[in-house]
Amino acid sequence: MSHQLLVDDARVVDGTGAPWFRGAVAVDDGTITAIRRDSAHGLSAETRIDADGSVVAPGFIDAHSHSDLRLFADPSLAPKTRQGITTEIVGQDGFSMAPLYREDGIDQWRDHLGGLAGRLDREWSWRSLATYLDEIDAAAVAPNVATLVGHGTVRYEVLGMDDVEPTEDELAAMAALVAEGLEDGAVGFSSGLVYAPQVYSDTAEVSRLAAELEPYGRPFVAHIRSEGRWIWDALDEFVDVGAEHEIPLHISHFKLTGAAQQGKTDRLLAHVETARERGVDLTADQYPYAAGSSMLTSLLPPWAQSQDAEELRETLADPEQREAIRRDIEEWRVDGWENVPGKTGWDRIEVTSLTSDAFGPHEGQDVAAIASERGCEPIDVLCDVLLAEDLDASMIAHGLIESDVRAIMGSSRVAVGTDGLFGSRPHPRVYGSFPRVLGRYVREENVLSLEEAVRKMTSLPARAMGLDAKGVIRPGLDADLVVFDPAVVADRATFEEPDRYPTGIEHVIVDGTPIVRDGADTGARPGGSIRA
């Protein structure tokens, strides 16, 4: 029998964490159909990829992606696929692209998410998650794409951006939208409890919405309320919700931020183990860098984030309101707010994705340096940049330490994700996260074995997100594969030059079709939506 595709003479790292073996993998009709260990296997195929001793692994799963809108502008998603990613999990941090039925709501939601998801240069033609997934299929994208249904989205649909407590009827309406999203194929429910509007929710609201997951067994994925000053309370809240409803939990971009918490990884990882001993199925993901990134508006206190675009522009231009923002940041006047500038410092926050004439030349500089150069205060830089960029700017915050990154990476419970925002000057994790783990932390620093690193990129996120047909090289499972040279693979993206593709990722296959061959995009677009 001749197969459609054969990856031959490879070191097979199957995604389970088991030791590699030399062999071949055969594919037919988008499915893995045979695996052979014997070099004299006798298999033949229409298309043969000679791995020449390189590793073949399951395609990498980006456990935390922000490609929700980017995939329509760039269906190839080359910054992701060129690093071996074959599946994207979008709808993160409570910001899914649906359900949105308010006729007056799309423009405000688009403005609110501009710094996170980018702008959509076409009609926002969907309203439900089902029709959003239909649009992904129509776009003929290269990777596979699954989405979570977002807390922020359903809260905005029912309550707008206001800091209000929902009535019982309003809470029921929000829960119904979560259930609708799950019925439409969302692989789970997400929340970003530091972002407006979900920052205004109390634990009872979070718990009520997460309860909709119970009949489905799908995960609650959260950017918890704090990764710094109040992280221990935030972890307790999250784990208690999982214990109450017996649902899987997954923590987004697991880390410790701010000098007060840095170095406490033993306590952090003990929280995970204690939760699992309580019977809570808790996992997490991590990006392999000592700096985070988000939309620039996330540096504002919650009361400012809740305003629509016109109101926010007026606030940013008002000297009295600027002074209120400054005091909220410097004096920590908003209890429970994450306050990134307060815990990180203006000299460690870079502004990125700047296109205006006024601030474009400052792209990549930290806020304190810009303030010094322009003879003003940091708060003026923040407000003036947002005004000049029409609110669509991003930032990189250097608020982590390398020893914490390494310690968290060593946990068997933590998967790999990019959490990458696209833009004119993105965080290097958009282009380099997965090869960085394989090159730096496996080959150079021995933080992980090769097999364990691959497991954290494949079967671990597949299990966490309920993708039963992905993440392992096994007959009958999806033929998403990546071939890389473990002696060469490395990230090349830096903070100074973030849009550089990695080396050593030789072939990437989605549903049995090569989308990257010999390190180059083939133009094939075999991917599409994944519906739970």
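**Pocket, cavities and a helix pair**

By class, eight nonpolar, ten polar and six charged residues make up the lining of the largest pocket. The model is predicted, and the space in this largest pocket comes to about 390 Å³. Its lining counts 24 residues, with Gly114, Gly118, Arg119, Phe422 and Gly423 closest to the centre.

**Pocket lining by element**
- Helix H1 (70–73) and helix H3 (106–117) are the elements that give two or more residues to the lining of the largest pocket, and H3 gives the most, with four residues.

**Cavities**
- The count comes to three cavities of 30 Å³ or more, and the largest cavity holds about 340 Å³ of space.
- Among the 29 residues that line the largest cavity, His223, Glu227, Ser294, Val340 and Met395 lie nearest its centre, while strand S14 (292–295), helix H13 (340–344) and strand S16 (394–397) each supply at least two lining residues.
- The lining of the largest cavity divides into ten nonpolar, twelve polar and seven charged residues.
- The second largest cavity has about 140 Å³ of space and is lined by 15 residues, of which Asp111, His112, Gln307, Leu312 and Leu391 are the closest to its centre.
- H3 supplies the largest share of the lining of the second largest cavity, five residues, and that lining has six nonpolar, seven polar and two charged residues.

**Helices H11 and H12**
- The axes of helix H11 (residues 309–317) and helix H12 (residues 319–331) come within 5 Å and cross at roughly 85°, which means that H11 is roughly perpendicular to H12.
- In this contact, Thr315, Leu316 and Ala317 of H11 meet Pro319, Gln321, Arg322 and Ile325 of H12, a set with four nonpolar, two polar and one charged residue.

How values were computed
Residues are numbered from 1 along each chain as its sequence is written. This is a predicted model: local features need pLDDT of at least 70, side-chain atom pairs count only at pLDDT 80 or more; totals for chains, interfaces and linings use all residues. Side-chain values use heavy atoms; hydrogens and water are left out. On a 1 Å grid over the protein atoms alone, a cavity is a set of points where a 1.4 Å probe fits but cannot get out, and a pocket is an open set with protein on both sides within 12 Å along at least five of seven lines; lining residues have an atom within 4 Å of a point. Grid points are joined across faces, edges and corners, and a volume is the space filled by probe spheres set on the points. Ala, Val, Leu, Ile, Met, Phe, Trp, Tyr, Cys and Pro count as nonpolar, Asp, Glu, Lys and Arg as charged, and the others, Gly among them, as polar. Axes are lines fitted to C-alpha atoms, for helices over the stretch in contact, and angles run from 0 to 180 degrees between N-to-C directions. Angles under 35 degrees count as roughly parallel, over 145 as roughly antiparallel, 65 to 115 as roughly perpendicular and the rest as oblique. Contact means heavy atoms within 4.5 Å.
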